[in-house]
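Trainee: I'd like to learn how to read salt bridges in a model. Could you walk me through some?

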Amino acid sequence: MSSALAPLAWLCRTVPLPVVGLALLAACAAPAVPEIRTSEDPAVLSTARMALARPAAVQASRGADGRPVPLANQPAIRDARLQPAMEAILNRLLANWTATRADPPIELFLVADLNYGGRAHASNQIFIDLGALASAKTEDELAFLLGHEAGHVLLGHLQQRRQNNRQAQDSLVLAAETVALGTVLANSRVVGAPGGGMRLQDNTRDNDRNTIVAAASGTRILAAMYSDLGDARFSREQEAEADRFGLDLAVRAGYSPEGMLDFFRHIAASEQHRAARAAELRGTVSQAFGLGASLGLLGKGSQWQSLGSQAAGLLAPQIEEAVAQAAAPWTERYESLQLRQQGARDYEARHWPNAVDAETRPSPFAEGKPLYADVLAYQHALLAHERMARALLQNDLPAAAREADSPALRRIPLLQAMASAEVAEKEGRITHALREAERARSMPNATTSTYELLARLLLTSGQGSAALAALEEGERRFGTREPFLVTRATIQAQLRQTVALAATLQECERADPTIGTACYRASRREQEREQARSQARHAPLPSLSAPALPAAQPSALPGMLRQLLPGL
């Protein structure tokens, strides 16, 4: 690295990203091409071995078939034709890799998701979206995708990131506890205790108590900020390292680096699709807040205000996601795809200059290949599920019911059962919804979302204890509590289990800053809803008759606003 860039490199390594600022983000993100191939770099491998020496953050349990249970929100597609074809590519990539070893070994799963991409989980599981199989035209592209995700596992990225987040969170918690303890001690004095001895008398004033509360709340905010912002540089370095490692594995296995370029093209298209969804959600947010605020202006303490609070809460999940999406440019974990692709191409030109001569080979899942029909059938099933979800959001229950019972969706029985349960829940047929959710739970590829759906339905039917028991069963099945902590906090908040909720919130924050923040938001949201319901029950009726509030749906919100506020 040149001497001119040395100060900037030091700044990027040592100063927290929010302090560096967005002006320097692009400069910090531009990686230099390493002198040594990543898969052969002693420093990289030494760091990986130290990280992998620690046990996996999450140990997946095993199902009745002896295989690890996939820790994914989407159903795993256990297809007897597609799965072996993907595993053959991964095995070819890892055939001669011995420098590091994952324990437990890598497990590969194909998941029912139309998006393009893959993920590596802390249990050393790799999930590849069905959309990647449908989009990839060459086996070389799939090899790079698999090599990239394998890099996250074999280079110890999952353990490093978790440890990095936990250390930062521990420091923030210690700072908050120091503020609280110092405030209390500064306002205490030693006095005599009954029967002899001494004790501390707490004279903390209300303003000082507010300082303690602010410190605790600030810790949660800072922990979330670090998870979204402070970890950005760390994640960018890992992504670039996984790109280089995936290219090393693919080229050594005889694949063409053209697969890497195809990968980046498809990732760019996928990001554009997500950006379009984010824009749609941001529109939903403005409509929801506009409705809630306008209703709230009609009269403090009136039933109209309660209607406003409830209307704004109807779209809480979409609001949460939209706010996160709107803030994404400020909390982007990864460098721009252009920079990332350029870095990978520079690495290829330096370390694999002759690899361009390798010929690409067609994907075994491409059109015209025997496995294409299988991929297409699963695509149709997922498209039917998307149409069902969209119809539910628009409150078009007949259309949702048709899609839930469509022949296409039956290709994935788990999704079909869960879709039937969601439609029945929306129709108010809770008994039928519970029956379908129970059927989904009994399937071998039931997901964490399956158990969350069942718990929600049990809670709706007044079976709070059974809802918590369903979550406990899911925790045993998947060998971890983390995916269920947010739902657990929500249920405990609704049941007003104050002590249990406090323990769950502490567990959430120990698990991960992001989970901690989600648990806090979920419990707070449920408490606010309960408070709004209580106010509505005790509020005096308004002097003018209120029109009935239509069923909530984003597309209908402007019409609802005009109906409720005709003078606007």
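Mentor: Gladly! Let's begin with D374, which counts as buried because its relative accessibility is 11%; buried means under 20% relative accessible area, exposed over 50%, and partly exposed in between (1.4 Å probe, protein chains only). This is a predicted model, where local features need pLDDT of at least 70, side-chain atom pairs count only at pLDDT 80 or more, and totals for chains, interfaces and linings use all residues. Residues are numbered from 1 along each chain as its sequence is written, and side-chain values use heavy atoms, leaving out hydrogens and water.

Trainee: Which residue does D374 meet in a salt bridge?

Mentor: A salt bridge is a side-chain nitrogen of Lys or Arg within 4 Å of a carboxyl oxygen of Asp or Glu. Here D374 meets R411, at 3.7 Å from N to O. D374 sits in helix α15 (residues 372-393) and R411 in the loop between α16 (397-404) and α17 (413-427), so the pair ties together parts 37 residues apart in sequence. Helices (H or I, at least four residues) and strands (E, at least two) are DSSP runs, numbered from the N terminus. R411 is partly exposed, at 35% relative accessible area.

Trainee: How far apart are the closest N and O atoms of E436 and R439?

Mentor: They are 2.7 Å apart. Both residues belong to helix α18 (residues 430-441), and being 3 residues apart, they are separated by about one helical turn. E436 is buried at 10% relative accessibility, while R439 is partly exposed at 32%.

Trainee: Which residues do shared partners join into one network?

Mentor: E475, R481, R488 and E507 are joined that way by salt bridges. The structure holds 19 salt bridges.
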